[in-house]
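Please walk me through this model, starting with its domains, then one of its sheets, then one of its pockets.

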Amino acid sequence: MEYAIEMLGITKRFASVVANDHVDLVVEKQEIHCLLGENGSGKSTLMNVLFGIYAKDEGEIRINGKKVDIQSPKEASDLGIGMVHQHFMLFPQNTVLENIILGDERSSLFLNYEKNKKDVQELIDKYDLQLNLNDKVCNLSVGMKQRVEILKVLYRGADIIIFDEPTSVLTPQESDMLMQMILNLRDQGKTIIFISHKLNETKSIGDKVTVLRKGQVAANVDCSEATERDLARFMVGKDVDSNLKKKMIEPGEVVFEIKDVSVWPDRAPCNLTVRKNEIVGIAGVDGNGQLELEELAIGLNTPCSGEIFLKGEAIGNENVLSRRMSGMSYVPSDRFKYAMLPHQSISRNLLLGNQERNAFRNKALIRNDKLNEYAQAKIEEFNVVTTGIEQPIGALSGGNQQKTVLSRELSDEAEFVIVSQPTMGLDIGAIDFTHNVILEKRNQGCAILLISADLSEVMALSDRIAVMYEGEIVAIGAADSFSREELGLLWQDTKRRRQIEDEDS
Ligand code: ADP
Ligand code: MG
């Protein structure tokens, strides 16, 4: 049997971090091989070694049975390896065709434009990419931009194509289309490495899967032989039970309200209420006004039009501290920037935003004894893994940083909480924990605005869901009145409608 790829005993270190620890990855020709693992398990590093971006410290690589020493992406490309990165590398002001031809390192000074154009069109047809050569890249959707990246890789003659978490930026429909395209690529003879941290995706597309855990291979199995539960266990190292116990509660009075607030200029204003005992989830592809909504709600920005109410009081012009003192709290999407001081201790971080509270003050002085007692209780309650309350928060893992932030924000004083992208970058265990504490808080009577790019998360936690598209709320309703597909369709339909309107005007 000749393999397309044999990576044997690969070790890659970054200072004291062993990102890949004697990893074996063996891929047959014309196979879709999934590389599954939690954030930070070493997937991208392994692929960057294969693609010549990082030099390995130990191990051996063979491509099509031949030992190779890949020193650069150019050399990888010459060996028939292509990579579709998480972040696209395109020239937005150029057309699809220009992006394909001009970026090609093989091209000489004298471009044979017509011949190249014909070659590119043939590839589009062969792999059913449905791209127009003359479209400007900046006018394309994310899904289409990704196809330009795929086309680029194909044009350079890749037989082995690496996809690094390709669905993380896509809508559900775009993901389905990408999956079809990848299956088609395999059927036409390509070998695929598909990186993911999602179980269902891995199950549905992969022939084989290699699971990484903390830089080591935890399993290597046929996808058809492993259940999602098995895969989760390989990833985490223990059984994971993520059955959320969400009990039905009749929501109470309105706690938070946004009335006629423009989130984006020149777009219809948004209206939204969040009631006691209720989680309202904001769904939509990242970058459609969610961040602006988050910042308006907490007071990092003031609305240009309309008003924001907390417990019936207009607060649109109140600053963050005053909103917090009135019972609002905030788990921001960028926790590093807005929720913590990385070099300060856990207990100091727990004081953030609470410095005005009497429990921690004796006139102008901070009562460290009270604060430390509180911090100790919080880290125990939230199972924060740490050497103690004096440890700098920046030294904790992402999951434990988030638990610390949650322990501060989901305090007894909070009546309304804005929770944005709460599990981004966390591993399964911490995700499960986070979901449970958010639900617990809602059960206790809190009103919660949940903003998340993870549709499964929005669907699992929310009582009502609002869909955002280009700064507007385009739909809102009971969570169980939408299916996953319907939610995706909502923003696609809005987009299509907008395009028609634009053409008409
Ligand atoms: P994954 O793609 O599975 O999320 P990565 O391969 O990106 O994981 O990261 C594996 C580990 O290596 C992580 O601990 C990460 O912090 C570390 N790491 C990755 N790239 C670098 C780098 N350029 N410098 C230092 N550490 C890195
Ligand atoms: Mg990665």
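The paragraphs below take these topics in that order.

The model is predicted, with local features needing pLDDT of at least 70, side-chain atom pairs counting only at pLDDT 80 or more, and totals for chains, interfaces and linings using all residues. Residues are numbered from 1 along each chain as its sequence is written, chains are lettered from A and ligands numbered from 1 in the order in which they are written, and side-chain values use heavy atoms, leaving out hydrogens and water.

The protein chain is assigned domain 1 (3-236) and domain 2 (254-339 + 412-504); such bounds come from an automatic or database domain assignment. Taken over C-alpha atoms, the centres of domain 1 and domain 2 are separated by 34 Å. Contact (heavy atoms within 4.5 Å) involves 11 residues of domain 1 and 13 residues of domain 2.

Six strands form an open sheet with mixed pairing, in the order β6-β7-β8-β3-β9-β10. Strands (E, at least two residues) and helices (H or I, at least four) are DSSP runs, numbered from the N terminus, and two strands pair if DSSP finds at least two bridges between them. At the edges stand β6 (81-84) and β10 (216-222), each with a single partner strand, so one side of each lacks a neighbour in the sheet. From one strand to the next the twist averages 20 degrees; angles run from 0 to 180 degrees between N-to-C directions, and axes are lines fitted to C-alpha atoms, for helices over the stretch in contact.

Within this sheet, β7 (residues 160-164) and β8 (residues 191-196) run parallel and are joined by five bridges. D164 has I195 of β8 as its bridge partner. Helix α5 (residues 142-155) lies across β6 and β7, at about 170 degrees to β6. Helix α8 lies across β3 (32-37), β9 (208-213) and β10, and runs at about 35 degrees to β9.

α8 also takes part in the second largest pocket: α8 (228-236), α14 (398-409) and α15 (428-443) are the elements giving two or more residues to its lining. A pocket is, on a 1 Å grid over the protein atoms alone, an open set of points where a 1.4 Å probe fits, with protein on both sides within 12 Å along at least five of seven lines; lining residues have an atom within 4 Å of a point. The second largest pocket holds about 700 Å³ of space, a volume being the space filled by probe spheres set on the points. Of its 23 lining residues, E38, N39, K214, S397 and D427 lie nearest the centre. α14 gives the most to the lining, with four residues. Domain 1 and domain 2 each supply at least three lining residues.
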